[in-house]
Amino acid sequence: MKSRAIATLGASALVLTSSLVGGALMTGTTAFAGGPSESAKAQAAAADAAEARKALVDGKAVIAVGFAEAAVQAAPQNQSYRALLGQAYLLSGRFASARDAFGDALALSPNDGRSALSFALAQVANGDWTGARQTLDSHAETIAVADRGLAIALAGDPAGAVELLMPAAHAPGADAKTRQNLALSLALAGRWQEARSVAAVDLAPNELDKRMVDWAIFARPAGAADQVASLLKVIPVQDGGQPVALALNARVAAQPVAVAKAEPAPVETPVEVAAAPVTEAPRPGIVFGPRQEVVQALPAAPAKPVRVAAKPAVAKPMVVAKLAAKPAKVMAVAATVPAAPVAQPVKGKFFLQLGAFESAGVAQDGWKRAVRRFPAFAGQTPSGMTFKTAAGNFCRLSVGGFARTDAVSLCQSYRSHGGTCFVREGAGDQNAAWVATAKSGAKQLASR
């Protein structure tokens, strides 16, 4: 039953995990050179690496971390050990440490496409979408198109992923993985009807509806790490990053930092990855959020700041005296810092989808909170479209009509302010009903 689940999910656009997991496990024997002490040290490192690989195959990523750290400490210039360490961090939910380890592995072997892909996914999980896209672009020649396409979608550019994957999915010999990666990218871009059509090529009718529901939930992550964690079937933990003593070319003190070979104490309760067959690398499936979480919840808006007149009048001496007598009230008044100017986006066919809500009224409230969070939206006209799903009717909130580059940049800026969004092509988006109502009311008031 478990192998069946892995197989079906593996063909479901998230098979790129098989590209992330397993590469560091397939290392051959190591030839030892140098003096007796160096040879013994190298043999110890190889033994620790072998234990780490075995722990990963057994689904014990937390234990694998300890052995992999020991191997890296003994042989810091060994690229395969650093890639193995990054894999152990990734599968134990330590995404900051995984980013550091894979970065070191790439520094030792810049043409390692597997480490580059893993590094990009770790960047996504840490909220560095721009850096992830740069990594994927600079390693385009060494990362398979199917894997790179989905990674680009996860890095906040599903429209760009569709452009890359569409010709690959229609090429002779295209496999189910490529088609399903395209289908998920279409879904993340808001093109659900096309996503369903592409996904149906490789799925039985009774599986298709469930896949669409799963992807609808997957498309609305609550945090930066949620989608990558779902791919790897792990739960993210608080992580301060890779130990400094293990950094590439780090200066090691006279008393070296001891790295435990047994199970280390995790920052939070460790979550083990489901065990995979011992004959191959573990291939985690997908764990999605609860199905009842259909409506995207936006964070509560911050308290409205108190605005002060731009050119305050000079206070009379008596008024100054009264203010000086009550300094607490003076300190309580804070001037609102004006937001940095944002260039007007170039017109195009791309939109930022901000959420899906149970009614137009709730969507309108969501738009007001989005504008308070990100004042650059104030000059834009929101779009509100009602659409029907198996779970009921919803109102999709979006803003756009931008060129793709500007849409991606604006989405990243909104995310940096704590918002949630993704970029997609227009899907019949129209001005929200409450905008037209507000304009009509204003005209009636002006005519009186």
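Where is Ser 92 found? Ser 92 sits in the loop between helix H5 (79–91) and helix H6 (95–108); helices here are DSSP runs of H or I with at least four residues, numbered from the N terminus. Before going further, a word on the model: it is predicted, so local features need pLDDT of at least 70 and side-chain atom pairs count only at pLDDT 80 or more, while totals for chains, interfaces and linings use all residues. Residues are numbered from 1 along each chain as its sequence is written, and side-chain values use heavy atoms, with hydrogens and water left out.

Is Ser 92 buried or exposed? With a relative accessible area of 8%, Ser 92 is buried (buried means under 20% relative accessible area, exposed over 50%, and partly exposed in between, using a 1.4 Å probe and protein chains only). Leaving aside neighbours within four places in sequence, Ser 92 is in contact with Ala 61, Val 62, Val 65, Ile 235 and Val 237, where contact means heavy atoms within 4.5 Å. The C-alpha atom of Ser 92 is also separated by 7.7 Å from that of Pro 236, a residue 144 places away along the chain. The side chain of Ser 92 reaches back to the backbone oxygen of Ala 88, at 2.9 Å.

## Helix H6

The buried residues of H6 include Phe 95, Ala 98, Phe 102 and Leu 106, along with Asp 104. Its buried residues pack against H5, helix H7 (113–125) and helix H14 (226–232).

## The nonpolar cores

Phe 95 also matters for the next topic. The largest nonpolar core has 69 residues, and those with the most contacts inside it are Phe 95 and Leu 154. H7 gives the most to this core, with eight residues. A nonpolar core is a set of buried Ala, Val, Leu, Ile, Met, Phe, Trp, Tyr and Cys residues joined through side-chain atoms within 4.5 Å.

Beyond its neighbours within four places in sequence, Phe 95 is in contact with residues including Leu 90, Ala 122, Val 228, Leu 232 and Pro 236. A second, separate core has 24 residues, among them Ala 159, Phe 377, Ala 407 and Cys 421.

## Salt bridges

How many salt bridges does a search of the whole structure find? The search finds 15, a salt bridge being a side-chain nitrogen of Lys or Arg within 4 Å of a carboxyl oxygen of Asp or Glu. One of them lies between Asp 100 and Arg 99, whose closest N and O atoms are 3.4 Å apart. Asp 100 is partly exposed at 24%, and Arg 99 is partly exposed at 31%.

Asp 209 and Arg 196 meet in another salt bridge, at 2.5 Å from N to O. This pair links distant parts of the chain, with Asp 209 in helix H13 (residues 205–218) and Arg 196 in helix H12 (residues 192–199), 13 residues apart. Salt bridges that share partners join Arg 191, Glu 194, Lys 349 and Glu 425 into one network. Within it, the closest N and O atoms of Glu 194 and Arg 191 are 2.8 Å apart; Glu 194 is partly exposed at 36%, whereas Arg 191 is buried at 15%.

Conventions. Helix = DSSP H or I, 4+ residues; strand = E, 2+ residues; numbered from the N terminus. Polar contact = N/O pair within 3.5 Å; in protein donor to acceptor, adjacent residues only side chain to side chain.
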